[in-house]
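Dear colleague,

Here is the structure I promised to pass on to you.

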Amino acid sequence: MPVADGSIEIGGGASRRPRPSGGLALGRLFPRASRAGLKTAHFKQPWLAAGLLTPQLLILVFFFFIPSYKALSLAFVQVDPFGGIQIFVGLDNFLALFASADYRDSAVFTLWFSVVQNVLTLGLAGLFAFATDYVIRGRGLYRSIILMPYAIAPVISGVIWAFLFNPAVGPIAEMLQAIGIPWDPNRRPFDAQLLVIIASVWKHVCYDYIFLVAALLAVPASLLEAATLDGAGHIRRFFAISVPLITPTIFFLIVMNFVYGLFETFGVIDAMTRGGPAGATNSLVYKVYQDGFVQLDLGSSAAQSVVLMIVAVVFTVLQFRALERKVNYGV
Amino acid sequence: MTGNKRGHGAVIGRLLAGAAVAALVLQAGTALAQERTKIEWWHALGGRLAEIVDKLIVDFNASQDKYELVGINKGNYEETMAAMVAAYRVGQQPTLVQAAERGFLTMLNSGAVVPVPELMQNQGYDIKWDDFVAPVAGFFLVDGKPAAMPFNSSTPIFWYNADHFKAAGFDKPGETWQEIDTQLRAIKEKGVSDCSMVLANDFFWSMLENYAAIQDQPWGTKANGFGGLDTEFVFNQSPMVVGQLERLQSWMNDGVLQLAGQGLAPDQLFTSGQCSTFVASTAAHAGVESTAKFNWSATFLPHEEGVEPKNSTIGGGALWVMKGETDAEYAGAAAFLDFVASPTTQAWWSKETGYVPVTMTAYEAIKADGYYDEHPTREIAILQLSRGTPTDNSRGFRFGNHNQSMQLLVKEVQSVWTGEKTAQQALDAAVEQGNQILRQYEKLHAGG
């Protein structure tokens, strides 16, 4: 589990440079990062290296390259769902996609959903992580409660949220209506979008929390003590010392949150809104599923997943480029 | 209807015994069970209906010792169809699949099915294909034979809470939409119920498509698709259909009509006594009879004032046989279809679920029993289906990839609920997108 790996490494001791898994991911993309300290291993027997690489390569072949090839080949055809008839249509699927207002709406929603989700998740996780140091009694309980959502399957949490906020029977919806808010995610698109955001953030806060707590533990106590002597308060110390020192982790989490928002909120959306009302919560990934597996329009669905793949790659590279300069890996 | 290769005489009597026998077979006779050929059947029935399907399967398995039918629920009709298509592409399809009337043309032209008459003939069963009741025959028969075995046929009816109507000062629901409008508003105003009507999940079928049929309004050109693949949707051009959606919109805005939303079945809001009415399939009988704790009843769907109502259209599923299975599996599938088609099973199935009997023999048998005198709401569906002479607008719908255009219609209608679009704008958009799907389908199937 990446979570455990990350925290162990970060908490590994003062003699080692704290380096979150974000640094590892970067090492693969940017050689400079490896010069900054990643160890290089040399294998004398090539079969050992090959043997160690094979499992990962096999996984990549079966879960990335073959599906990507399939998606690419389907993106340029129109196909009978049963696979009997296939007509090559060139770029028609893509042109239809970019001309579609639905697709634009879906892209716009996905974008602002990802941004808001990212900010909220990181903000809340940061707050909880900051507070952890100041929770003296029941710190274990405090952590367990925050970590709990991660253990619940997205679909189950979606169903629970959908029930709590159901305008006809949900207790929270009743409370909202009692104080005069006409809450109704079935008819008010914004309510539905809010609901999806709340559930996604709730589900993902714990992930960010674990990483942030671990990163904060690695901030040298001497620096914090020095700042205390200089008269800096809790909040000042947090923002002036801790935050700059854990920027690699924050950067890593921003990337992970975007990936989560883009790709992994599927279960939550499916259980709570099914992309509705009127497509208000139809994120790009959910649309791929809807068009491909419900509507059986495999050509368009494949075209969408190709677009999504390109967007994800471009987006990640841009993020690395833009944020890398502000991130200090040298501490 | 059926050659009755095996005796099904004791089917009903053995219902409970069947369960016990199956349990015994599982426990004591694993060796015996292994010798049986397994036949997979994917179906789309949930809730109370799933329990009845399970009984049907247990009973079939107990009626013979060669085959073991395994029924798997794959969600609703659309989900089952999608799962089947995905499975078919990788050669993992079940032998039998239940597909809704909406998927009829898609399945028929799929090239992935074995026509049921061909299968039955090859397996030595003699089935009379002219025994189907008229509405079933009118929809499912192509050149006098069905490509699939009609199984669970239904039509929407108007369900109501008789206690609520009484409390609001009405004997029963009115016959026209105008009267219903007055009554639903009165139920709300008099404080009898906060929810005069709950919108069924398949409202597009029960409240719009069937509305068009009953009012004799065209949904598409070319006799709603019966006349060829070059059909086009035109339901946005009917002032009546637009008016119906406007009526639903005004009900919703005034709090008369409610949506159940995700995670909650509209049926539950009716059977719990919270909502006074809902328009849904006659198959809701299974659930309503077993859960509603109030005086419920049902009646014919309303019609517009001054309109002579036509028949409603058939809904529900048929059993399709997939290509690419072994001979032994086909033999088992045929045995099951023969079992399903027997008048005894038909009558039992119809009584348990509320689906209409699909054969005349079964219908006559149920009628002769006096069952409909005791349960008058059970006969509404078949009477409504056979009312008058079907027109091009009321025979049913035969559109390619109709699941797709239906989902788009639902999405557009949701934008009426949210207030983003007017009824006319939404239907215009649904027609435009729906026609793209029809053209795409026509393009793919132009050769066949």
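Strand S7 of chain B (residues 149–154) runs antiparallel to strand S13 of chain B, and five bridges join them; strands here are DSSP runs of E of at least two residues, helices are runs of H or I of at least four residues, both numbered from the N terminus, and two strands pair if DSSP finds at least two bridges between them. Within this pairing, B:Met149 has B:Leu319 of S13(B) as its bridge partner. S13(B) is also joined by five bridges to strand S3 of chain B (residues 96–100), again in the antiparallel sense, and there B:Ala100 stands opposite B:Gly317. Strand S4 of chain B (residues 113–114) pairs antiparallel with S13(B) over two bridges, with B:Val114 set against B:Val321. S13(B) itself, residues 315–322, is mostly covered, since eight of its eight residues are buried, where buried means under 20% relative accessible area, exposed means over 50%, and partly exposed lies in between (1.4 Å probe, protein chains only).

Before going further, please keep in mind that this is a predicted model, in which local features need pLDDT of at least 70 and side-chain atom pairs count only at pLDDT 80 or more, while totals for chains, interfaces and linings use all residues. Residues are numbered from 1 along each chain as its sequence is written, chains are lettered from A and ligands numbered from 1 in the order in which they are written, and side-chain values use heavy atoms, with hydrogens and water left out.

Over all chains, the structure holds 19 salt bridges, a salt bridge being a side-chain nitrogen of Lys or Arg within 4 Å of a carboxyl oxygen of Asp or Glu. In one of them, B:Glu304 and B:Arg247 meet at 3.0 Å, N to O. This pair links distant parts of the chain, 57 residues apart, with B:Glu304 in the loop between strand S12 (296–299) and S13 of chain B and B:Arg247 in helix H12 (residues 239–253) of chain B; both residues are buried. Another joins B:Lys351 and B:Asp369, whose closest N and O atoms are 2.9 Å apart. Here B:Lys351 is partly exposed, at 25% relative accessible area, whereas B:Asp369 counts as exposed at 51%. In chain A, A:Asp191 and A:Arg188 form a salt bridge with closest N and O atoms 2.7 Å apart; A:Asp191 counts as buried because its relative accessibility is 3%, and A:Arg188, at 33%, counts as partly exposed.

What does each chain bring to the contact between chain A and chain B? Chain A gives 33 residues and chain B gives 34 residues, contact meaning heavy atoms within 4.5 Å. Together the two chains bury about 3100 Å², 55% of it on carbon and sulfur atoms; this buried area is the accessible area (1.4 Å probe) that two parts lose on being put together, summed over both. A:Phe82, A:Arg187 and A:Gln295 supply 27% of the area that chain A buries against chain B, more than any other three residues. Two salt bridges are counted between the chains, including the one in which B:Glu79 meets A:Arg274 at 3.4 Å, N to O.

With kind regards
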